[in-house]
Amino acid sequence: MKPFHYERASTVEEACSMSTESEESCFLAGGTTLIDLLKLNVMRPAKVVDVRNVDMDTVDLLEDGGILIGANVRNSDLAWHQKVRRDYQALSEALLSGASPQLRNMATVAGNVMQRARCPYFRDNYSPCNKRSPGSGCAALGGYARSHAVLGTSEHCIATHPSDMCVALAAFEAKVRVEGLAGTRDIPFSDFHLLPGDRPDREHAIDPGELITGVVLPPNVEGASSVYLKSRDRASYEFALASAAVSFALVEGRIAAARIALGGVATKPWRAFEAENCLEGNEPSSELYEEAAALAMEGAITQPDNAYKVPLARGLIVRALAIARERVEAQV
Ligand SMILES: Cc1cc2nc3c(=O)[nH]c(=O)nc-3n(C[C@H](O)[C@H](O)[C@H](O)COP(=O)(O)OP(=O)(O)OC[C@H]3O[C@@H](n4cnc5c(N)ncnc54)[C@H](O)[C@@H]3O)c2cc1C
């Protein structure tokens, strides 16, 4: 591990100024991603700013009916929060499907949003990897790529975005609140994670020295139900091969405000906008779900090892839509 300078901040301002003092700095929250990557020598910051004492660990109800989730709120606490379980069920389910209870007790919301790829070539520190070492190449292209992405890929990177929580946040149209020395801004979730393009090392729309202080969730659509489904190699403690977060409401028997986001198949938490458009305004049916699922996976670029993800994700979307409908109808 490369030696680094360690500082502990107790306010947002302190955290931002400590971080801006060094170009190669990063924040420490639960440590469940960062400490591993420091030990593997994959992340090599000159300074680590510990933000665990910064006061941002509450879930606050907003006047419009939404919530502001503090950056340091633990994944377990958020999953079991009463309002999240009632109004944002897919978020609770996504959180509880991630990692293990011990990890969820440590992991924070901001750390989860910022977690790095689980691509073995990124983490092994010797294979060519444009994300870890820009310009070195991508060992996954032409290599073993069973867990890799089929959507949002580029010729420079096909690493999958690993988060479950982020898939639900994408479906609920969250915003990431960041604060820096220049002020505060809210970044729409679909703009927060960047596509790899020709700079896979640039992963987030956050500037150096900016701290995530929270995530804003708008109020869920009246009468909407949601669900998160995840397919993986074993029933717990495993990343998604494919996952789907779905939310919609029924108005006079027709689908309104449909939201579909996918995990395990794309280089960032993936909103399936065309699939949503295909659902909205129509009566729910299995044929319609199949059509939406096909649209969601249109344009997938597969490798020999990961082509199975296309039918897997389509099946998950269809099943998630059917469950969301059952939940909507159970409310009435
Ligand atoms: C064995 C294992 C299995 C896992 N399985 C899953 C899974 O199935 N599904 C899943 O979704 N996740 C899984 N994870 C990942 C886990 O969810 C993340 O490790 C965790 O959410 C990271 O949160 P943290 O608070 O520990 O972040 P840290 O490790 O402290 O930080 C992670 C990154 O976030 C940055 N950061 C932290 N706080 C802030 C802030 N306030 N502002 C800006 N940047 C910040 C850090 O600088 C760092 O780059 C797994 C992890 C492990 C180790």
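How many nonpolar, polar and charged residues does the shell around the ligand have? By class, 16 are nonpolar, 11 polar and five charged. Here Ala, Val, Leu, Ile, Met, Phe, Trp, Tyr, Cys and Pro count as nonpolar, Asp, Glu, Lys and Arg as charged, and the others, Gly among them, as polar.

The model is predicted: local features need pLDDT of at least 70, side-chain atom pairs count only at pLDDT 80 or more, and totals for chains, interfaces and linings use all residues. Residues are numbered from 1 along each chain as its sequence is written, and side-chain values use heavy atoms, with hydrogens and water left out.

The ligand is surrounded by 32 residues (a residue is near a molecule if one of its heavy atoms lies within 4 Å of it). Phe27, Thr32, Thr33, Thr108 and Asp164 are the closest. At least two shell residues come from each of β2 (25-28), α2 (34-39), α7 (109-113) and β8 (211-217). These elements are DSSP runs, numbered from the N terminus (helices H or I, at least four residues; strands E, at least two).

Backbone atoms face oxygen atoms of the ligand. A polar backbone atom of Phe27 is 2.5 Å from a ligand oxygen. For Ala29, a backbone N or O atom lies 2.8 Å from an oxygen atom of the ligand. For Gly30, the distance from a backbone N or O atom to a ligand oxygen is 2.8 Å. Taken alone, the ligand exposes 980 Å², and the protein buries 94% of that (Shrake-Rupley method, 1.4 Å probe).

The chain is divided into domain 1 (5-53) and domain 2 (225-331), with bounds from an automatic or database domain assignment. Their centres, taken over C-alpha atoms, are 36 Å apart. Both domains give residues to the shell, so the ligand lies between them.

How values were computed:
Polar contact = N/O pair within 3.5 Å; in protein donor to acceptor, adjacent residues only side chain to side chain.
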